[in-house]
Amino acid sequence: MKAAVISSPGVVGIETVDDPAPGTGEVVVQVAACGLCGTDLHILQGEFAPTLPIVPGHEFAGEIVAVGAEVAGLAVGDQVAVDPSLYCHECHYCRIGRNNLCERWNAIGVTVPGGAAEFAAAPAANCIRLPEHISTRDAALIEPLSCAVRGYDVLSTRMAAHVLIYGSGTMGLMMLELAKRTGAASVDMVDVNEDRLATARALGCSTTATSAEAIQRPRGWDVVIDATGNAAAIQDGLERVGKGGTFLQFGVADYATRATIDPYRIYNQEITITGSMAVLHSYERAAELFAGGVLDPEVFISDRLPLVDYAAALQQFKAGQGRKIQVVP
């Protein structure tokens, strides 16, 4: 089969690799579409993946074409979305229900071959059968949505909160949609990309600006979310949290990124700084929200490129052009 392969840091190409075969408890999915995200850029840099080469792609959905032994409830022909998370279920963090912090954490498309290919293997337990009214290609959006749902689990935000989001790319826009549905009094967005801000306005954002200074919120925000991973945005966001507020590091920063905090202010104003790592008990809920229409795929998916253009798709994503970019085998 054809697959995108990151062979070494900064090097990606299309190669012919062996078709996957389902192991016990596994299925093989013919990929309908695979989304790109910031994690893929980190893998391209040689971060996250323990070893290269790797077939990337952790946001994908498709049709089951092969079923391994001891698989129940799924059959060839089922349309499914795939949760890429792979946990050991044995370490301390798995035993206390914090599987996303697993000491032997793995993920399809990050540490094992993923969905940027014609076919991908996955545990049957990670597959969610799709209702008939959902486009299988669109369902690749469920994985990033499940990360956003996890982010809101971490926030445990109260009703009528004032929310500020840095970054109006796919993840920032998903956080916007969830904020609107969890009772936010206002949701403001900051981005240097005017085209992306236009999408945020179309989705009902309260205020958009290229700098938080341009938005009037004298007491700061109850919730500040960084969805960029950018050091300057993170630093600015930390300074915009109001008394008793929460800063959520949601965007994936480079390993070397650093920010400065004011410990006295954190103590004196009871500010919470927290993070959200991938998916935890949120994939099924994201699938239900998606089936219920929480996202409009026509708004969120800006580009569908053939798999052979995977390298170009990565560069387009890196340049901040468009919103969710998918590759289609």
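**View 1. Helix α10 and the glycine that follows.** Helix α10 is followed by glycine 320, whose phi is positive, near 75 degrees. The model shown here is predicted, and local features are described where pLDDT is at least 70, side-chain atom pairs count only at pLDDT 80 or more, and totals for chains, interfaces and linings use all residues. Residues are numbered from 1 along each chain as its sequence is written, and side-chain values use heavy atoms, with hydrogens and water left out. Helices (DSSP runs of H or I, at least four residues) and strands (DSSP runs of E, at least two) are numbered from the N terminus. Helix α10 covers residues 310-318, and its buried residues are Tyr310, Ala313, Leu314, Gln316 and Phe317, where buried means under 20% relative accessible area, exposed over 50%, and partly exposed in between (1.4 Å probe, protein chains only). Seen down the axis of α10, these buried residues fall within an arc of 160 degrees, so they line one face of the helix; the arc is that of the directions from the helix axis to the C-beta atoms. They pack against β1 (2-8), β2 (11-16), α1 (38-44), β16 (301-306) and β17 (324-328), with contact meaning heavy atoms within 4.5 Å.

**View 2. Helix α3 against helix α8.** Helix α3 (residues 142-155) and helix α8 (residues 283-291) pack with their axes 8 Å apart, at an angle of about 115 degrees. Axes are lines fitted to C-alpha atoms, for helices over the stretch in contact, and angles run from 0 to 180 degrees between N-to-C directions. The angle makes α3 roughly perpendicular to α8, given that angles under 35 degrees count as roughly parallel, over 145 as roughly antiparallel, 65 to 115 as roughly perpendicular and the rest as oblique. The crossing of α3 past α8 is right-handed; a crossing has this name if the near helix is turned clockwise from the far one by less than a right angle, and is left-handed if anticlockwise. On the α3 side the contact is formed by Ile142, Glu143, Leu145, Ser146, Val149 and Asp153, which meet Tyr283, Arg285, Ala286, Ala287, Leu289 and Phe290 in α8. By class, this contact of α3 with α8 has 8 nonpolar, 1 polar and 3 charged residues, where Ala, Val, Leu, Ile, Met, Phe, Trp, Tyr, Cys and Pro count as nonpolar, Asp, Glu, Lys and Arg as charged, and the others, Gly among them, as polar.

**View 3. Helix α3 against helix α4.** The axes of α3 and helix α4 (residues 170-181) come within 9 Å and cross at roughly 55 degrees. The two helices are therefore oblique to each other, and α3 passes α4 in a right-handed crossing. Pro144, Leu145, Cys147, Ala148, Val149, Gly151 and Tyr152 in α3 meet Met171, Met174, Met175, Leu178 and Ala179 in α4. The residues of this contact of α3 with α4 divide into 11 nonpolar, 1 polar and no charged.

**View 4. Isoleucine 165 in strand β10.** Isoleucine 165 is found in strand β10, which covers residues 162-166, and at 0% relative accessibility this isoleucine counts as buried. Isoleucine 225 is 60 residues away along the chain, yet the C-alpha atoms of isoleucine 165 and isoleucine 225 are separated by 4.8 Å. Not counting residues up to four places away in sequence, isoleucine 165 touches several residues, among them Gly172, Met175, Leu176, Ile225 and Ala227.

View 5. Alanine 139 has its place in the loop between β9 (127-129) and α3, and is buried, with a relative accessible area of 0%. Leaving aside neighbours within four places in sequence, alanine 139 is in contact with Ala61, Ala81, Leu130, Ile134 and Phe290.

View 6. Most residues other than glycine have a negative phi, and most peptide bonds are trans. A cis peptide bond, with omega about 10 degrees, joins leucine 52 and proline 53, and proline 53 is found in the loop between α1 and β4 (59-67). Alanine 160, in the loop between α3 and β10, has a positive phi of about 65 degrees although it is not a glycine, and is partly exposed, with a relative accessible area of 41%. Glutamate 270, in the loop between α7 (263-268) and β15 (272-275), has a positive phi near 50 degrees and is exposed, with a relative accessible area of 63%.
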